[in-house]
Structures are given as C-alpha cells and as structure tokens.
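Keep the viewer open as you read.

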2 protein chains.
Amino acid sequence: MSTVTAFDTVDVRFETSALLDGSDAMNPDPDYSAAYLRLSTDAADGHEGHAFVFTIGRGNDVQVAAIEAVAERVVGRDLEADLADLGGFWRELVHDSQLRWLGPEKGVMHMAIGAVVNAYWDLKAKRAGLPLWQLLGRMTPEELVALVDFRYLTDALTPEEALDILRAAEPGRAAREAELLASGYPGYTTTPGWLGYSDDKLRRLAREAVDDGFAQIKLKVGDRLEDDLRRLAIARDEVGPGIRIAVDANQRWDRDQAVEWIRALEPFDLAWVEEPTSPDDILAHAAIADAVAPVPIATGEHGMNRVLFKQLLQARAASIVQIDATRVAGVNENVAILLLAAKFGVRVCPHAGGVGLCEAVQHFSMFDFVAVSGSMEGRMIEYTTHLHEHMVAPAVVEGGRYRAPLSPGNGMEMRAESLRDHRVTSW
Amino acid sequence: MSTVTAFDTVDVRFETSALLDGSDAMNPDPDYSAAYLRLSTDAADGHEGHAFVFTIGRGNDVQVAAIEAVAERVVGRDLEADLADLGGFWRELVHDSQLRWLGPEKGVMHMAIGAVVNAYWDLKAKRAGLPLWQLLGRMTPEELVALVDFRYLTDALTPEEALDILRAAEPGRAAREAELLASGYPGYTTTPGWLGYSDDKLRRLAREAVDDGFAQIKLKVGDRLEDDLRRLAIARDEVGPGIRIAVDANQRWDRDQAVEWIRALEPFDLAWVEEPTSPDDILAHAAIADAVAPVPIATGEHGMNRVLFKQLLQARAASIVQIDATRVAGVNENVAILLLAAKFGVRVCPHAGGVGLCEAVQHFSMFDFVAVSGSMEGRMIEYTTHLHEHMVAPAVVEGGRYRAPLSPGNGMEMRAESLRDHRVTSW
C-alpha cells in the first residue's frame with residue numbers, strides 16, 4: 001500500500017492583461033492564473049499527481065486555500081484503494097457533509113475538489129503509462145459508469161442508459177483510437193477575435209488562422225453592436241464563405257436583448273453564439289435558442305455542475321455543450337456530462353485557452369470520440385496560442401487539428417521553471 | 001469623508017455535531033460556524049460594520065480567506081459615497097472582472113461578497129440608528145430599486161415593474177410598521193424535528209412547540225420512509241390537526257423518487273415539502289411541484305443567486321421561497337429576490353437556524369411586510385432555539401412570533417466573548 005504523503009500548492013499568475021489577450025465583453029483584463037496542486041506519494045514509482053484550477057487573476061489565492069482544505073483530507077489515505085475506485089473517492093469528497101454547504105457542488109469549493117480529483121487521475125494515468133484519453137478510452141463500460149454519480153441525474157440518464165451508450169460505442173474503439181493517433185482531432189481558434197484587438201490585428205490574425213488550416217474562428221462580441229457588425233464584416237471578408245465564424249458574448253446580454261442582437265448578427269452566417277446570457281439561466285437559454293433557431297446556441301464553460309448541464313440538455317437550451325477541464329469536479333463529472341450530451345445527441349466542443357486548458361481538455365474530446373459519442377461530426381476543441389510554453393507537454397495543433405497527446409498523465413503538469421518564475425508570493 | 005480603515009476576520013465554530021442538533025438527511029453532523037467579518041472606520045461615530053457567512057464546519061477557513069480577499073478591496077474607499085450608493089457598490093464587487101470567474105455569482109466568493117455588503121449595511125443602519133428592516137422599510141421606492149442589479153432579471157422583472165410593486169405598497173407602510181412593533185411576525189419551529197432525535201424527544205419537543213405558541217413545526221425526512229411515516233404519525237398525534245407540519249428532505253431525492261416519497265407522506269397534511277432535490281434543479285422542482293400538487297414545494301436556502309430564484313418562479317417550481325441571509329450577495333440580492341417573489345405572488349418564508357441566521361433574516365421578512373408584499377398571509381420565519389446566546393441582540397420569539405428587533409444594525413453582530421471563546425486557531 002502507498003499513500004499520498006504531502007501536497008504543494010502554487011499561486012501562479014501570468015500578466016496577460018497587459019497584452020489584452022483574452023479580453024472580452026465581461027473580462028476586459030484577465031491575468032491568466034492557476035491555483036496549482038502537486039500530490040506526492042511514497043510509492044516506489046516516484047510519480048506525482050498534478051492538477052490546477054484555472055482563474056483569471058484576483059482570488060487565485062482563495063482558490064489555492066480551497067484546494068489546500070481538500071488536499072489535507074487525502075493525505076495518508078490508501079492510494080491504491082482510491083485509484084481503484086475513483087467513483088467512490090469522488091462521492092466521498094463531493095458529498096462531504098460539511099464542505100458541501102459551501103456550494104453545494106459549485107464555485108470555489110467544487111473546483112477545488114476537481115483539482116484533487118484530477119491530480120488523482122494524473123497519478124492513475126502515469127502509473128498506467130497512458131495519456132488520460134487513452135486510459136479512459138480503454139476502461140470497460142462498467143468501469144466508466146462506476147465513475148459517475150447519478151444522484152440528480154436519473155430523470156435524464158440512468159446507469160443502465162449510460163451503460164447502453166458506452167456498449168454501443170465499444171465496437172470500433174481500437175479503430176478510432178488509431179484514427180486519432182494518425183490524424184488528430186479538429187480544433188478552432190479564438191486567437192483572432194479578442195475585443196481588445198484592432199481591426200488590422202483582427203484581419204491579420206483571421207488570415208493567419210485560415211492559413212494555419214483552421215476551418216473555424218471565433219470572435220468576441222457583445223460590447224457595442226456597431227463594433228460587432230464591423231468586425232464580423234472584416235472577418236467574413238477576410239476568411240471567405242467557406243470558413244465558419246462563431247461569436248462569443250461572454251454572458252453579456254439579458255434574454256430579450258440577446259435575441260435582438262443575435263438576429264442583427266445572423267446575416268454573417270454564425271457557426272454558433274456562445275454564452276448569450278447568465279450561464280445559470282437555463283430558461284433564458286432555451287427561450288433564446290428557440291427564438292433564433294436555426295442559429296446554434298453554445299454554453300457550458302461556466303457550467304457549474306452536471307445538474308446544470310442536465311437541465312440545459314433537457315430544455316433544449318444549447319445545441320453545443322462546452323465543457324471545461326477545471327470548472328466542475330474533475331474527470332468524473334466531465335465523463336458524466338459527456339454521457340448526458342451523448343444521450344441527448346448534442347455536440348461537445350470544449351472550452352480551452354487561458355493557461356493549460358487546451359492541454360487538459362483535449363483528453364475529454366478524444367475519449368468521447370473513442371468511447372462515448374464515437375463521432376467528430378461538428379465537434380472541435382477551442383485553441384488559442386497563449387502560454388503553452390509553460391506546460392510540460394504543450395498541446396500540438398497542426399493544420400487546424402489537435403495531435404493526440406502521448407505523454408502519460410492528464411496534461412495539466414506545468415514546467416517547474418514556470419511555476420517558480422510566475423509564482424506569486426503576496427497579493 | 002471617512003473610510004474603512006481595517007478589517008478583522010474570525011473563524012468561529014460551535015461543536016454542535018456532538019448534540020445532533022441540526023442533523024438531517026444530508027447533513028448528519030454539522031458544526032455550526034461563521035466566517036466572521038468586522039469593518040473598522042475612521043469616522044468619529046465609532047461604529048463598526050459586522051457580518052458573517054454561516055457554514056457548518058469544515059471549509060469555514062476557506063470562507064474566511066474569501067472574505068479577506070474581498071474586504072481588502074474596500075479598505076481606503078470613500079465610505080460616505082459607498083453608503084450613499086450601495087447599489088453601485090454591489091455591482092462593483094459582484095461584477096469585478098477577475099473575481100467573478102470564481103463563481104460567477106455563486107459559492108464561496110459570492111457569499112464572501114455578501115459578507116462585505118452586509119457589513120456595509122450594518123454600518124449604514126447603525127449610522128441611521130435603525131434596525132435594518134426599518135432602514136429599508138423607510139427608503140423610497142426609487143432608492144430601493146436602485147439597490148437591485150436587474151442584469152439577467154429583465155425577462156421576469158423590470159425596474160419599472162419593481163417600482164410599481166413598491167409604490168403599490170407605499171400606502172400603509174406606517175401602519176404595518178406599527179403592527180410589527182406591536183405584535184411581531186409569525187415564526188415556525190424546526191427544533192422538534194431533527195433526524196438524530198429519538199421518538200420520545202420528538203414527541204416532547206413537538207408538544208413544547210405547541211405550548212410555546214407555534215402554529216407550525218417542521219420535521220426532517222428523507223432518510224428512511226418507514227422512519228418518516230412513524231415520526232410524522234407521532235408528531236401529528238401529538239400536535240393534533242390544527243397545527244401545520246412541514247417536512248424538509250434537504251436535497252435527498254432524485255425527481256421521481258421525490259414524487260413517490262411525497263405521495264407516501266401526503267396523508268399527514270403537509271404544510272410544505274422543502275428541498276426535495278438538488279437546489280440547482282429548477283426543472284425537477286417544477287416537475288415535482290406539478291406532480292404532487294396541491295402539496296406546496298419550498299426551496300431556496302441553498303439558492304445561489306437571483307438568477308436561480310427568478311427561474312424557480314418563472315417555472316412555478318416553488319410556491320414558497322426560502323431566502324437565506326448569508327447565501328447570496330447580501331442585502332441587495334435579497335431585496336431583488338423579495339421583489340421577484342412579489343411579482344410572482346409567491347410567499348417568502350426565510351430559512352434560519354444555525355447560528356445568527358434568525359437574527360439576520362428576520363429583517364427581510366419584516367421589510368417585506370412593510371414595503372414589498374405588504375402581507376403576512378401564509379408567511380413565517382423559521383426558528384430554532386440554538387446558539388442565540390452568542391448574538392449581541394438575540395432574536396426574541398414569544399407566543400410563536402418574532403418580536404420586531406429594535407437594535408440598530410443588521411442583527412449579525414456576535415458577542416466579543418463568543419468570538420473569543422469559539423475562535424478557531426488552526427484546523
């Protein structure tokens with residue numbers, strides 16, 4: 001038996017606000033940051049479990065404090081027993097009778113649980129010598145179902161239905177894994193479209209995106225309609241009709257305003273409209289989706305937990321689900337959300353960018369292709385060019401496609417030099 | 001001009017788990033706790049602003065860290081300007097572009113903002129020499145509307161509609177204030193019904209509740225149906241048909257299980273069924289409410305923000321809204337929720353208990369009676385007997401009614417001895 005013997009946390013921040021990278025209608029000045037966790041064990045293999053919660057600056061120290069509160073609870077536990085039953089481990093942390101009061105299942109404390117859960121998955125994948133997507137993609141349907149907490153889900157998805165979905169995707173797993181290894185998974189890029197960029201920079205970056213092989217770009221909108229119309233015209237002019245353009249309002253509108261604004265942007269042939277209003281507002285998303293159909297509505301990067309995603313799907317409030325690697329309580333909850341999306345036949349196009357999110361979330365899309373939906377149709381992973389140099393195994397995107405990662409682990413490990421150089425000592 | 005010059009926080013915990021006070025189907029062993037905040041100013045009046053976030057133990061230190069992160073941002077600000085525009089102050093804190101990533105508007109960070117906002121209200125009320133309910137109840141409709149952030153609310157409630165509701169309640173304000181001062185506001189008691197109590201203790205406490213003048217008691221349910229049926233039979237037998245009995249499942253059930261369970265309990269003539277499932281699950285609450293009608297469904301003590309309450313009301317998912325004094329972002333957000341409830345004609349029966357929650361939340365019901373709904377019909381405030389001795393101005397309940405508090409402030413100030421004696425130094 002081995003145990004987690006210790007943990008370290010790091011408050012690491014990158015001063016991205018100075019460059020206006022990542023600026024949008026709600027987040028004008030993000031400083032991409034990570035509340036970082038490393039678990040050490042006494043096992044002879046020497047593996048460490050790494051994970052983080054992505055934030056955009058202020059409050060990253062609070063996120064670190066929350067991770068410490070959860071990590072303290074796992075020191076000394078039987079690691080083999082936990083790694084063999086990560087479903088039970090997840091339930092124990094999420095349903096801790098005192099900690100759950102601080103959510104329940106949402107916000108800082110839920111994300112902190114996610115970091116600990118993800119660090120365990122990092123250990124499990126490293127021990128198996130596999131990248132997370134392959135580790136998950138080779139688990140049996142029964143093992144995968146056991147990861148999911150079906151509490152509050154059974155009115156939309158039962159364990160039996162989840163098992164059926166996974167069994168239906170069993171034939172062809174090996175062929176799809178080989179396809180991923182050979183040709184990767186589609187990406188799209190948000191790099192051209194930040195609100196803080198000049199028209200010239202937008203035009204240049206849109207051109208570069210097409211030259212780089214991306215079939216879709218995304219523009220931030222929602223601050224001033226006239227700016228959005230001008231920027232969309234520039235982008236459409238530059239990329240031509242064959243490239244998809246999505247827009248992202250980052251929660252800027254109320255329901256009726258969203259409908260009006262989207263109708264004004266519709267002539268530009270939108271691939272989707274992302275986060276039109278509050279991420280918590282299932283009913284408004286449903287009303288907007290209905291009013292602007294067939295323009296697809298996308299949301300989920302701020303989706304707090306599986307209960308929120310379940311309702312978005314039940315209400316037909318989104319036709320694209322955007323999971324995030326660090327918003328919910330780790331791998332297990334994202335497996336649950338992938339199963340829900342498959343049940344409702346809705347595409348999953350993960351949120352990425354920031355720091356480390358591309359590296360982390362690519363595993364879920366690839367696992368989904370191998371073992372859940374079995375499809376890449378209309379699916380793609382967000383990509384931005386920032387800060388990959390800080391990751392031990394940076395995501396590789398070529399010709400507009402994510403190459404399947406081969407390094408063992410969950411993809412979240414940051415370089416020791418980056419942690420040291422961007423560590424914050426006092427805020 | 002004066003400023004907030006400093007703040008103190010205290011991690012204060014009471015070992016209630018040893019007594020099984022407060023035990024329910026989801027929270028078997030709560031240690032009632034408070035992440036406590038005190039703001040000091042350089043004004044000559046010497047007033048301090050007090051507030052707290054209620055938690056049930058573990059993680060209280062994380063809640064303290066979050067409060068500190070927010071409080072740091074208000075030190076040195078122009079206090080008079082902020083107190084004169086608490087609506088603008090609220091927006092500035094809640095929509096801080098970096099901090100909101102940690103919610104947005106939910107969980108630890110949102111509650112931390114609530115503590116700071118509530119401490120400002122404490123200062124404002126103390127400066128006015130009025131208890132919070134009277135301070136709010138004497139503000140003009142225009143001033144009250146200015147407190148509310150209507151972002152994400154306008155599909156259900158516009159500022160104009162809010163103004164209409166408040167203007168309609170203006171006549172009779174003085175008479176209703178006098179009525180409160182003369183005869184208080186109805187309470188109900190949860191003291192008899194904790195799951196950890198023996199049948200004998202339940203019977204004895206149910207009898208005492210009736211003898212004390214309460215017209216409603218509440219029992220925890222949801223662990224084992226046979227226990228619930230036996231306990232309800234005991235309680236109904238003891239209190240007779242004239243006393244209302246509500247039950248509280250504390251989020252224990254999935255949708256279909258809730259419907260089945262509630263139908264089994266229905267013969268006991270339930271005043272309401274509280275928290276049948278996940279507090280985030282608007283659609284399940286709506287389905288349950290529809291299936292078990294006319295049994296009323298109540299929820300809200302874990303309602304994370306005004307967007308959640310808006311949807312519960314839009315979906316007719318609850319016929320009783322249970323606001324909590326420290327779950328949302330302070331006074332302003334509870335004013336918004338009271339206005340939403342009034343718009344939809346739904347009763348508000350606040351959650352209380354724990355430590356300090358009775359003292360804090362009574363102000364909202366009384367303000368609602370004076371200036372919003374103008375009605376006590378079917379409305380009441382939860383009451384439990386625990387821990388009032390730690391409050392500077394303990395809630396007074398006599399003959400089953402809350403006496404209107406007279407002490408200036410928001411009611412959240414704890415005794416210095418209690419803060420000292422129950423302060424936690426390391427967990």
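**A sheet, some rings and an axis**

In chain B, β1(B) runs antiparallel to strand β2 (residues 33-41), and the two pair over 9 bridges. Strands here, like helices, are DSSP runs numbered from the N terminus (E, at least two residues, for strands; H or I, at least four, for helices), and two strands pair if DSSP finds at least two bridges between them. One of the contacts to look up is Thr9(B), whose bridge partner in β2(B) is Leu37(B). The model is a predicted one, so local features need pLDDT of at least 70 and side-chain atom pairs count only at pLDDT 80 or more, while totals for chains, interfaces and linings use all residues. Residues are numbered from 1 along each chain as its sequence is written, chains are lettered from A and ligands numbered from 1 in the order in which they are written, and side-chain values use heavy atoms, with hydrogens and water left out.

Now zoom out to the open sheet of 3 strands, ordered β1-β2-β3 in chain B with antiparallel pairing. At its edges sit β1 (4-13) and β3 (48-55) of chain B, each pairing on one side only. On average, neighbouring strands are turned by 15 degrees against each other, direction ignored. Helix α1 (residues 60-71) of chain B packs on this sheet, touching β1, β2 and β3 of chain B, and its direction makes about 175 degrees with that of β1(B). Contact means heavy atoms within 4.5 Å; axes are lines fitted to C-alpha atoms, for helices over the stretch in contact, and angles run from 0 to 180 degrees between N-to-C directions.

On to the aromatics: the whole structure has 14 aromatic pairs over all chains. Rings of Phe, Tyr and Trp (its six-membered ring) pair if their centres lie within 6.5 Å; planes under 30 degrees apart count as stacked, over 60 as edge-to-face and the rest as tilted. Tyr32(A) and Phe54(A) make a tilted pair, because their ring centres are 5.4 Å apart and their planes stand at 55 degrees. This pair links distant parts of the chain, 22 residues apart: Tyr32(A) is in the loop between β1 (4-13) and β2 (33-41) of chain A, Phe54(A) in strand β3 (residues 48-55) of chain A. Both residues, Tyr32(A) and Phe54(A), are buried, where buried means under 20% relative accessible area, exposed over 50% and partly exposed in between (1.4 Å probe, protein chains only).

What does Phe54(A) do with Trp101(B)? Their ring centres are 5.5 Å apart with planes at 90 degrees, so the pair is edge-to-face. Since Trp101(B) lies in the loop between α3 (86-94) and α4 (107-128) of chain B and Phe54(A) in strand β3 of chain A, the pair joins two chains. Tyr32(A), Phe54(A) and Trp101(B) form one aromatic cluster.

How do the chains relate?
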